[in-house]
Amino acid sequence: MTEKEAMKRALELARGGWGQVSPNPMVGAVLLKDGEVVGEGCHCEFGNEHAEVQALAQCDDPTGTTMVVTLEPCSHYGKTPPCAQKILEAGVRRVVYAVPDPSKEAGGGGEILQSAGVEVESGLGSLNAAALIAPFLWSQVRRDRPFVALKMAASLDGFATDAAGRSQWISAPEAREYVHWLRAGFDAVGVGRGTAEADDPQLTVRGDVTPRVQPCRVIFGRSGTLPAGLKVSRTSREIRTIFVAGRRSARQAESILTGTAVEIIAADDLTSAMSLLCEMGIQAILVEGGPRLAGGLLDANLVDRIYWIQGPILLGRGNAAFGRREGIGLPNAARWIPTERRSLGDSNLLVVDREICLRE
């Protein structure tokens with residue numbers, strides 16, 4: 001196995017930590033000796049051994065091996081000892097990692113290894129590795145708001161609902177299963193108040209993945225309030241639920257939601273709302289619509305990733321997926337970076353990231 005193939009395998013292993021390791025990053029590692037795999041590991045659960053340590057534990061004699069890992073080995077004592085020290089003690093000859101660790105506490109493992117005589121190389125598979133842990137990387141360089149991902153299901157002609165406002169179901173059942181899996185990897189799931197009232201969703205993770213912590217629900221409603229009879233309101237004692245109200249409507253919301261455990265914050269714009277959510281410990285949020293909220297987030301330059309799910313139907317008229325937005329001339333339109341494409345039943349998934357998330 002080549003180092004490039006080993007990095008691809010390490011990325012697959014890293015995904016085993018989806019929904020289980022936050023606020024830590026997902027990491028995968030492969031240990032090679034003479035081109036053969038002699039150890040594998042992933043950071044699969046918060047507080048447990050890191051990927052590098054697991055890979056080393058599978059090898060009887062790691063002396064002279066090559067460690068291929070998706071993130072720079074850590075250099076600090078946290079819930080586990082530093083991986084850089086473990087690698088040195090094991091006699092690993094060469095370490096290849098995809099992305100440097102930008103955190104002040106854990107970064108610098110590569111320098112420690114290199115200073116001790118280990119051959120170190122970084123950058124292999126960096127784009128895919130950075131995309132995988134983009135929320136973690138974002139949290140280390142931006143403290144003012146969460147990493148914001150926008151999920152939108154739309155028809156071939158770009159509508160999120162039909163002319164009557166119906167959105168169930170544009171996408172295939174496999175796409176809806178994917179969304180439940182997707183939610184598990186975020187600290188919060190958000191929708192606009194109109195979507196909450198129209199669909200009365202639970203906004204919970206249901207499916208094959210049980211997250212370590214169920215993501216909290218965030219309802220954005222600058223005008224008006226959140227009805228106390230909705231599922232998110234009624235279950236707010238079981239799952240943390242936040243209602244973002246406008247300053248003028250916050251008091252009314254408090255009155256209507258008395259008796260629930262819904263937390264109410266007041267913000268008159270989305271930028272302020274995201275800043276407040278960050279202060280409340282939300283590192284990454286998945287926003288699932290509706291169109292008005294999606295367009296507002298894009299207009300405010302608050303979207304870092306888009307999960308675009310396209311169903312094989314034509315609606316002719318309806319609510320445009322990203323609302324009514326001002327036009328942008330083609331020469332000035334920003335190009336996003338595609339990080340994933342695949343089929344979900346009869347629907348198609350395209351994932352794109354802003355360049356700032358991957359390279360800042």
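Buried means under 20% relative accessible area, exposed over 50%, and partly exposed in between, with a 1.4 Å probe on protein chains only. The views below come from a predicted model, in which local features need pLDDT of at least 70, side-chain atom pairs count only at pLDDT 80 or more, and totals for chains, interfaces and linings use all residues. Residues are numbered from 1 along each chain as its sequence is written, and side-chain values use heavy atoms, leaving out hydrogens and water.

**View 1. The disulfide of cysteine 42 and cysteine 44.** Here the S to S distance is 1.8 Å, where a disulfide is a pair of cysteine sulfur atoms within 2.5 Å. The count by this rule is 1 disulfide. The link is right-handed, with 55 degrees about the S-S bond. Cysteine 44 is partly exposed at 31% relative accessibility, while cysteine 42 is buried at 7%.

**View 2. Cysteine 59, a buried residue.** Its relative accessible area is 10%.

**View 3. The largest nonpolar core.** Such a core is a set of buried Ala, Val, Leu, Ile, Met, Phe, Trp, Tyr and Cys residues joined through side-chain atoms within 4.5 Å. This one has 60 residues, and Met67, Val92 and Tyr178 are among those with the most contacts inside it.

**View 4. Around valine 95.** Beyond its neighbours within four places in sequence, valine 95 is in contact (heavy atoms within 4.5 Å) with residues including Met67, Ile87, Leu113 and Glu119.
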